[in-house]
Number of protein chains: 2
Amino acid sequence: MSKPLERLLSQRTASMQRNQIREILNVVSQPNMISLAGGLPAPESFPIEELYAIQEAVLDRFGADALQYDVTEGFAPFREALASYLAGKSVRAGAEDLLVFNGSQSALDMLGKVLISPGDIIALESPSYLGAISAFSAYEPRYISIETDDGGLIPEALEAALARQPVKFLYLVTTFQNPTGRSLSAERRQAIAEILRAYDALAIEDDPYSDLRFRGEAPPPLHHFAPENTVYVSTLSKIFAPGLRLGFCLAPPPIRKWLYTAKQGADLHSNTYAQALAAEYVTGGYIERQVPKIIELYRPRQETMLKAMAAHFPAGYRWTEPEGGMFIWVEGPDGIDTEDLYWKAVEKGVAFVPGKFFFINEGEGLPTMRLNFTKVDEATIQGAVATLGRVMRDF
Amino acid sequence: MSKPLERLLSQRTASMQRNQIREILNVVSQPNMISLAGGLPAPESFPIEELYAIQEAVLDRFGADALQYDVTEGFAPFREALASYLAGKSVRAGAEDLLVFNGSQSALDMLGKVLISPGDIIALESPSYLGAISAFSAYEPRYISIETDDGGLIPEALEAALARQPVKFLYLVTTFQNPTGRSLSAERRQAIAEILRAYDALAIEDDPYSDLRFRGEAPPPLHHFAPENTVYVSTLSKIFAPGLRLGFCLAPPPIRKWLYTAKQGADLHSNTYAQALAAEYVTGGYIERQVPKIIELYRPRQETMLKAMAAHFPAGYRWTEPEGGMFIWVEGPDGIDTEDLYWKAVEKGVAFVPGKFFFINEGEGLPTMRLNFTKVDEATIQGAVATLGRVMRDF
């Protein structure tokens, strides 16, 4: 039966790709493997004890409403809670402006659905978040890379790209980017906002990590500087629990209207119960207590990793030192391919993500790698980085 | 800014439509309106008391695993629970064959994504479930209607359609169909299975209602007769809680593989926590106790509605008497348009869904209407049907 059924597949399946990070994670799920490869929050960052109380409060307070079909835009008490949470991040939004999705991945999928016609050009940071590429690719776009440096996306490179061709949208992670950990300064955000306005262009700003700030001052989101040209996407996955799949999006009205329609056809609405839990998490004061705890969990892990890298990585390697987030980006000497390094490291029980997977053009980013510091404890990080250092020196 | 942004919309938005039932539900959400229009389970059918225990058991048993990122195919303990639940419905599936989605709506969306190229032909029952049309339409198919009678889809009409043109798939609700309440007999299922095999054709069997059986014997699902030609889609929305968005799908391997890839790009995975609650609901014996309670709640509501219709509806109206489900389908005299009746009934405080919305061709189904009997209690149904009868007589 296999052949006849394959005949039935849509043309767009040809442009869909399995997420290669996930494939790598499958390989490294063997026992005793230390993974610096994933992008998982630490399980000990979840407010499990608090959840016993939160879920009881949800059943007491909302009862059947938390279990029933709900409106497509999202559970009203959750959207109200989100609006006040966002106000604290310089994002101006009323509850009625927000749309809730099954994780920010689903917001990206719906944005692809309502914006991308086959062949449209999407501009990406180089390197870029793989999950977004995987969401957009089903709608058959073409990609162009915008050059970045240690300060993130280079505004002049964006302007040159917009001048050269029609671009459907720019997708970027403005703070503690995945994979590089880089953040755009307030000045660059402002410069990008001006370019967007000048070219009537649209940016999708993905902002999952900005609450995980260990040091320094938070610049306002790009959305703050160009609300009419920016779709703001974020999630509670990094500051509550990713398994609850709580993403949300703030889009200019004509795009919001179509996101609503697309979401209605795609899944009717997001999980009411998870949204009720999140409403209680935000309005019950839990989030204010939990986020500092998460930061105090991750900050020493990052510091340990940075110190161990300085002690163990050989000359010729350099890396970012982000003020927060989940990742450190490493660039090795020219000429190496960190996938070779990857397989040697896996033999020694340590996994990471070879950086080339985050670039859209073959041959780019060969000497780069992404290290995650949130999932395992300091002693484990210390040992894993020492092992990596040895593998690098023997390589 | 509105115009420039609209220029950015994808071509496919032109074929997306708002779900008209939902739009009607918005209109009738005014206080004191009795709605026979929705397709909502009764809130008192939800196992709220049990959920206090279920959610505590989930945190005790799964802890952080219930809150973490999970595999795309679905939370393993839930898929194992589903496999044993499905065995009781003559659906042969291992946990590894199942994919979990955010409600069956999301399964339909992903099926559309991996199967439909623009212009492909999809065969629908006439009338058909509007949510499925709304999911598929984003992928720009064309639709053809297959004739039905009181026994549901007519096998000969399907065969004629398959002989006439290439059809990507047939979508149907085999038991207690939405909107008609009709069910296919075992003989028709077998006949359809043979036709699917003879034409190497694919059916998507949507089966959300079969557990809500008040009377009579359940025939095996179409999937049982043609597992290699059928994608089986179902949900726990009608027997647990729709707000948890728990749909699932059993597809032949080449389609399952692409559904997995598409889902990975679309939302990574479904809500882990909701799946853990459902695993506990199924394996903890709750489902066996709850489903009979739901049936005992709905059966008298349906009986009340049928009796009241016999007492109050004027000559020239006929209706289905389904052995279960959530809906009764009414056909009025030729020449009327029940949308006119709808507005008169709404004036008197009663809402239903004019049946024409469930047909794909303009002008079809004008004298039909769908009545829901699960959401409100017997006394309210009694009064609402009496009101409807008066409106019909004055019409």
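This tour moves through a predicted model, from the contact between its chains to individual loop residues.

**The contact between chains A and B**

Begin by selecting both sides of the contact, which takes 70 residues from chain A and 70 residues from chain B. On the side of chain A that touches chain B, the helices α1 (2-6), α3 (48-62), α5 (103-115), α6 (130-137), α10 (253-267) and α11 (272-283) each supply at least two residues. Colouring by class then shows 36 nonpolar, 21 polar and 13 charged residues on the side of chain A that touches chain B.

**The nonpolar core**

Next, turn to the largest nonpolar core, which has 245 residues. Select Cys249(A), Leu259(A), Ala278(A), Cys249(B) and Ala278(B), the residues with the most contacts inside this core. In soluble globular proteins, nonpolar side chains tend to be buried together. Centre the view on Leu259(A): leaving aside neighbours within four places in sequence, Leu259(A) is in contact with Leu99(A), Met110(A), Leu111(A), Val114(A), Cys249(A) and Ala251(A).

**The sheet of chain A**

Display the strands of chain A now. Seven of them form an open sheet of mixed pairing, in the order β2-β10-β9-β8-β7-β3-β4. At the edges stand β2 (98-102) and β4 (142-146) of chain A; each has a single partner strand, so one side of each is left without a neighbour in the sheet. Viewed across the sheet, neighbouring strands are turned by 25 degrees against each other on average, direction ignored.

Move to β3 (residues 121-125) of chain A, which runs parallel to β4(A) and is joined to it by five bridges. To find one of the pairs, select Ala123(A), whose bridge partner in β4(A) is Ile144(A).

Two helices on the sheet deserve a selection. Helix α7 (residues 155-164) of chain A lies across β3, β4 and β7 (169-173) of chain A and runs at about 145 degrees to β4(A). Helix α10(A) also packs on the sheet, where it touches β2, β9 (230-235) and β10 (246-250) of chain A, and its direction makes about 30 degrees with that of β2(A).

**Helix α7 of chain B**

Switch to chain B and select helix α7 (residues 155-164), whose buried residues are Pro155(B), Leu158(B) and Ala161(B). Look down the axis of α7(B): the buried residues fall within an arc of 125 degrees, so they line one face of the helix. On the other side of α7(B), Glu156(B), Ala163(B) and Arg164(B) are exposed.

**Backbone details in the loops**

Return to chain A for two cis peptide bonds. The bond from Ser126(A) to Pro127(A) is cis, with omega near 5 degrees, and Pro127(A) is placed in the loop between β3 and α6 of chain A. The bond from Asn178(A) to Pro179(A) is cis as well, with omega near 20 degrees; Pro179(A) lies in the loop between β7 and α8 (186-198) of chain A.

Finish with two non-glycine residues of positive phi. Asp200(A), in the loop between α8 and β8 (203-206) of chain A, has phi near 50 degrees. Asp200(A) is partly exposed, with 15 other C-beta atoms within 10 Å. Phe176(B) has phi near 50 degrees and is placed in the loop between β7 and α8 of chain B. Phe176(B) counts as buried, with 25 C-beta neighbours inside 10 Å.

How values were computed. Residues numbered from 1 in each chain as written. Chains lettered and ligands numbered in written order. Predicted model: local features only at pLDDT ≥ 70, side-chain atom pairs only at ≥ 80, totals over all residues. Contact = placed C-beta atoms within 7 Å. Helix = DSSP H or I, 4+ residues; strand = E, 2+ residues; numbered from the N terminus. Nonpolar A, V, L, I, M, F, W, Y, C, P; charged D, E, K, R; others polar. Core = buried A, V, L, I, M, F, W, Y, C linked by C-beta atoms within 7 Å. Buried ≥ 20, exposed ≤ 12 C-beta atoms within 10 Å, placed from the backbone. Pairing = 2+ DSSP bridges. Axes fitted to C-alpha atoms, helices over the stretch in contact; angles between N-to-C directions. Arc of directions from axis to C-beta.
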